[in-house]
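Grab a pencil and have a look at the model below.

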Amino acid sequence: MEKLSTLSGMTNSLQRIASILMKELRQLSRDRATFAMIVIIPLIELLLFGFAINTDVREIPVTAVDNSRTYFSRALMDALEATQVIRIVRQDARPQGAEEALKSGKVRAALIIPSDFIQRLNDGRTGAQWLIDGSDPMISSAILKLQTMPFRATAGIQPESSGALFKIVLYYNPEQRSVVNIVPGLVGVILTMTMIMFTSAALVRERERGNLELLIATPVHPIELMIGKIIPYIFVGFIQTGIIMSLGHLIFDVPFVGSIIQMLLATMLFISASLTLGLIISTIAETQLQASQMTIFILLPSILLSGFMFPFEGMPIAAQWLSELLPATHYMRLMRGIILRGAELQGMTTDAVYLGAFTIGGLVVAAKRFKKSLD
Amino acid sequence: MSRQAISAKGLTRCFGDFMAVDHLNLNIEEKTIFGFLGPNGSGKSTTLRMLTGLLTPSQGDVRVLGLEIPKESEALRQRLGYMTQKFSLYDDLSVEENLKFMAQIFNLPGREVNKRIDSQLTTYGLDQRRKRMTGSLSGGQRQRLALAAATLHKPELLLLDEPTSAVDPQNRRDFWETLFDLCDQGVTILVSTHYMDEAERCHSLAILEGGIKQAEGSPKQLMADMQARVLEVDGTELRLVREALTARPEILSSAQQGARLRVLITNTISEPEVWLRSQWPEEMKDRTIERVRPSLEDVFVHCTQQRRQ
């Protein structure tokens with residue numbers, strides 16, 4: 001008996017969710033301006049950012065594989081760190097480990113010092129090797145400049161003139177095109193904008209028009225209302241992602257190294273996080289205007305601080321902390337990792353877990369704040 | 001003795017310093033139409049919202065259909081129909097889609113939904129407009145749709161917040177016919193209004209002013225019990241007469257109605273016609289003064305005037 005009633009309670013709940021979902025889809029299809037925005041926003045921004053954006057980076061996190069283990073190899077690492085361009089955040093025993101760290105985005109470059117390092121320098125051959133994540137040209141060009149670093153003279157090795165100090169290997173974006181890095185990030189910016197704006201406006205509109213007073217006098221539960229409201233926008237988010245990624249591939253020839261499933265999973269996580277953020281805004285904002293203002297409040301740091309426009313490593317520490325709070329920062333790391341470096345979510349668990357936790361926490365906050373009363 | 005659909009004791013609601021509803025006691029019998037009559041801001045909507053559980057009372061006990069409110073307001077939702085003051089269905093859904101949405105929200109069984117919607121559309125004269133966008137309906141049609149939506153799940157109690165404020169008199173008459181039909185079917189109806197003709201149709205009503213109940217009873221009883229007499233003075237230049245009269249406290253109110261001036265005089269004056277002529281011999285010369293039956297508006301004005309003075 002108990003079980004039966006929970007079962008019928010579930011079906012009732014599902015039916016109510018479905019009814020809200022259908023209603024939202026109907027209203028969305030009739031709101032032409034919104035419908036146009038779903039398509040036009042990604043198009044315009046893609047062209048704008050794709051063609052227009054390009055900037056000194058410090059303390060790029062790198063790993064070092066020191067097979068030489070000599071005074072000279074340590075002197076090289078110290079000299080490199082002294083430039084402040086890089087910071088050696090880890091050491092790997094083998095180049096494979098360094099490559100793995102590169103792929104998962106833990107470091108942006110790897111310094112490989114071979115066992116015959118001193119011999120090579122004395123022979124005037126190339127001394128060591130840099131493996132660089134080339135997806136962000138700003139990062140790679142900063143490391144490329146290290147090539148000209150005077151080391152032989154300071155280390156007391158002759159002859160200075162012969163042979164390059166480093167052999168450079170660019171991974172992932174060998175032609176050094178910014179657009180390759182911009183496009184996956186753009187998905188994050190556009191989803192932030194549209195997902196937060198649409199959901200926050202959707203609930204606030206009901207309040208403004210007086211629909212909410214009627215709705216809360218019915219048996220519908222806050223959580224049912226919220227789920228029914230956000231599901232349509234998940235589809236909207238996937239449509240936008242599809243538009244940007246396929247056009248990015250067709251027009252700007254952005255490579256797609258990773259798996260589409262992984263990208264969809266990451267996108268699903270991010271859309272959910274953005275939608276719950278929109279829901280929280282909708283429980284605070286009283287008018288649609290306020291809701292869009294709050295959206296912009298979230299959107300600006302998501303563009304400027306997330307690593308979308310400027311490399312994360314170039315930002316002051318305070319800004320880095322702030323940007324770690326934004327779902328967009330984590331999503332951009334995931335997207336660039338999956339699309340450009342073929343990384344997988346399993347290798348980037350911190351970012352994935354953050355997005356998931358953000359969603360759950362956000363839903364709880366939104367449902368708590370949305371009381372079924374007018375108090 | 002019939003049962004109470006609603007009972008409230010000491011119902012109070014404050015918004016900051018402002019007391020919107022002040023220790024209201026209510027006993028509303030089942031299967032009757034009960035009216036709240038009061039000017040704007042008298043606490044009618046606040047009271048209705050507290051009775052539905054949408055607002056938490058600052059003080060007081062409320063029982064609606066045997067349920068303790070606001071504690072058990074979720075259980076009340078299925079048995080309650082609520083029509084908000086502002087039209088609150090979706091303008092960008094058609095008539096039929098709005099009803100379907102509400103039917104699903106109330107979990108009407110799937111096979112009954114279409115039948116029930118058809119019968120509601122017929123009852124409320126909307127069957128020709130089922131595909132119309134709700135935003136394009138006239139005031140009267142919107143009102144009928146709102147009532148159709150509020151009664152879709154056959155509630156036992158119907159709360160209507162100023163239901164006919166945007167409706168013409170003919171539509172209002174029709175609207176009330178349906179309310180009496182619903183009442184005959186056993187629905188208890190609570191309606192707030194500031195229209196006298198609407199209030200007069202209620203089985204009983206409470207006059208609210210400043211969040212306080214000023215009077216309660218059937219319209220007939222209220223008119224009979226009024227502590228004032230009503231006289232009509234005819235003639236020309238009634239504006240001047242009115243100005244002369246208003247200064248005195250015995251004159252509770254005066255209002256021109258066409259070629260007549262309707263004057264409310266406190267019943268401490270035993271011969272109001274004589275008193276009028278003796279107090280204002282100049283103004284009352286050559287005019288007929290006639291005692292008339294109090295109307296509900298007189299009762300309302302009397303109740304609300306007393307407080308303002």
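## Exercise 1: Domains of chain A

Chain A is split into domain 1 (11-52 + 178-369) and domain 2 (60-171), with bounds that come from an automatic or database domain assignment. Before we start, note that this is a predicted model, where local features need pLDDT of at least 70, side-chain atom pairs count only at pLDDT 80 or more, and totals for chains, interfaces and linings use all residues. Residues are numbered from 1 along each chain as its sequence is written, while chains are lettered from A and ligands numbered from 1 in the order in which they are written.

Task: find how far apart the C-alpha centres of the two domains lie, and describe the side of domain 1 that touches domain 2.

Solution. 
- Step 1. The C-alpha centres of domain 1 and domain 2 of chain A are 39 Å apart.
- Step 2. Count the contacts: 14 residues of domain 1 of chain A meet 11 residues of domain 2 of chain A. Two residues are in contact if their C-beta atoms, placed from the backbone, lie within 7 Å.
- Step 3. On the domain 1 side, helix 8 (178-209) and helix 14 (327-341) of chain A are the elements that give two or more residues. Helices (H or I, at least four residues) and strands (E, at least two) are DSSP runs, numbered from the N terminus.
- Step 4. Helix 14 of chain A has the largest share of that side, five residues.
- Step 5. Sort that side of domain 1 of chain A by class and you get five nonpolar, five polar and four charged residues. Here Ala, Val, Leu, Ile, Met, Phe, Trp, Tyr, Cys and Pro count as nonpolar, Asp, Glu, Lys and Arg as charged, and the others, Gly among them, as polar.

## Exercise 2: The nonpolar core

Task: find which residues touch the most other members of the largest nonpolar core.

Solution. 
- Step 1. Start with the terms. A residue is buried if 20 or more other C-beta atoms lie within 10 Å of its own, exposed if 12 or fewer, and partly exposed in between, with C-beta atoms placed from the backbone. A nonpolar core is a set of buried Ala, Val, Leu, Ile, Met, Phe, Trp, Tyr and Cys residues joined through C-beta atoms within 7 Å.
- Step 2. The largest core has 154 residues, and A:Ala266, A:Met335, B:Ala149, B:Leu159 and B:Ile189 touch the most other members.
- Step 3. Helix 8 of chain A gives the most to this core, with 18 residues.
- Step 4. Leaving out residues up to four places away in sequence, A:Ala266 touches A:Tyr331, A:Leu334, A:Met335, A:Ile338 and A:Leu345.
- Step 5. There's also a second, separate core of 28 residues, and A:Trp130 is one of them.

## Exercise 3: Chain B and its backbone

Task: describe how chain B touches chain A, then check some backbone spots in chain B.

Solution. 
- Step 1. Chain B has 12 helices and 14 strands, and buried residues make up 44% of its 309 residues.
- Step 2. The contact takes 21 residues from chain B and 20 residues from chain A. Helix 3 of chain B gives the most to the chain B side, with four residues.
- Step 3. The peptide bond from B:Ile69 to B:Pro70 is cis, with omega near 5 degrees. B:Pro70 sits in the loop between strand 5 (67-69) and helix 2 (73-77) of chain B.
- Step 4. B:Lys31 isn't a glycine, yet has a positive phi of about 60 degrees. B:Lys31 is in the loop between strand 2 (18-29) and strand 3 (33-37) of chain B.
- Step 5. Is B:Asp286 buried or exposed? B:Asp286 counts as exposed because it has 6 C-beta neighbours inside 10 Å.
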